[in-house]
Amino acid sequence: MRRLAGGLAVLWAAATSAYLALLVAPGDVVDILIGDGADTPQIRAEIISEWGLDRPEIIQYAAYLGRLVQGDLGRSYLLHRDVGEVLAEQVGPTVELMLAAGGTGVTLAVVVAIATAGRGRWVRSAVSAAQLVSVSVPPFLIGILLLFVFSFSLGWLPVSGAKDASALVLPALTLGLPIAGTLGQVLREGLERALEQPFAVTARARGLTERALVVRHALRHALLPAVTLAGWLTGGLLGGAVITEALYGRPGLGQVTLNAVTGQDLPIVMAVVVLSAVVYVVISTLLDLAYRVIDPRLRSA
């Protein structure tokens, strides 16, 4: 019940923040709706009446929350379509990119952490430097470098589009490398601390190899902080997808959001904000379940 209440509070805060952003955003809603069409007092009055813009702001806010509860995300200013339909058409490629990027980042982090935990100083220093670079460099610059090397120079992968799996490789790496850099450092430090615990000494005394000790025992002890960080990083993938999809010319919520921002199509922008909050709440809930799988002691806590 506490988790449910906390999730609802996050969703309400996101929806309210999006609505307040609508109020303070520059420009007039009526002007946006009219666009390049005919502009007469009668047309303006009809638009105000149709969209309920003549009602008090508190009433409009309550109506907005009521529509959200019913799953109604509103109507696009520019496309004149239900926002839910617009997002439903584009959410598939974005989810595909997020899953590929998250899986890439976590896999690289685990493999590198296991391979370098407990190794010599020079190996760890070199890997830490590479991880620091992947975290520090902006994702769009990583994407440009990947495009230059693997698309323009070597010609191994397509430059843009989403025709097949090969077109997903570079976008997934662009979003996944920062995750791998941050998560890998935390996971390796957790592994090295676990390898100094008494259970590790006992396992070595029983003849367990160092690699088996890391994989079978130390990894579980190091996973809790890494899982928390992985959930936080994965929750931010939706924001990173906006730039990445634009860079690689991929369909998805990124292109829709970018077009909505440039065109001041605020209902779509607000819906994306709420959707991001939903993703965050879902991931947080899944993490709570993952904690109890990783550490059985939490099941009775």
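Is Glu96 buried, partly exposed or exposed?

1. This is a predicted model, and the reply for Glu96 is that this residue is partly exposed, with a relative accessible area of 43%. The partner of Glu96 in a salt bridge is Arg250, and the N to O distance between the two side chains is 3.5 Å.

2. Arg250 belongs to the loop between α11 (237-248) and α12 (253-262), while Glu96 is part of helix α5 (residues 83-116), so this pair ties together parts that lie 154 residues apart in sequence. Arg250 has a relative accessible area of 1% and is therefore counted as buried, whereas Glu96 is partly exposed.

3. A salt bridge also joins Arg81 and Glu89, with the closest N and O atoms 2.5 Å apart. Arg81 is counted as partly exposed, because its relative accessibility is 28%.

4. Arg75 and Asp82 form a salt bridge as well, and here the distance from N to O is 3.7 Å. Arg75 is partly exposed at 37% relative accessibility, and Asp82 is likewise partly exposed, having a relative accessible area of 34%.

5. How many salt bridges does the count come to? The count is three, and the pairs described above are Arg250 with Glu96, Arg81 with Glu89, and Arg75 with Asp82.

Terms used
Residues numbered from 1 in each chain as written. Predicted model: local features only at pLDDT ≥ 70, side-chain atom pairs only at ≥ 80, totals over all residues. Heavy atoms only, no water. Salt bridge = Lys/Arg side-chain N within 4 Å of Asp/Glu carboxyl O. Buried < 20%, exposed > 50% of the residue type's maximum accessible area, 1.4 Å probe, protein only. Helix = DSSP H or I, 4+ residues; strand = E, 2+ residues; numbered from the N terminus.
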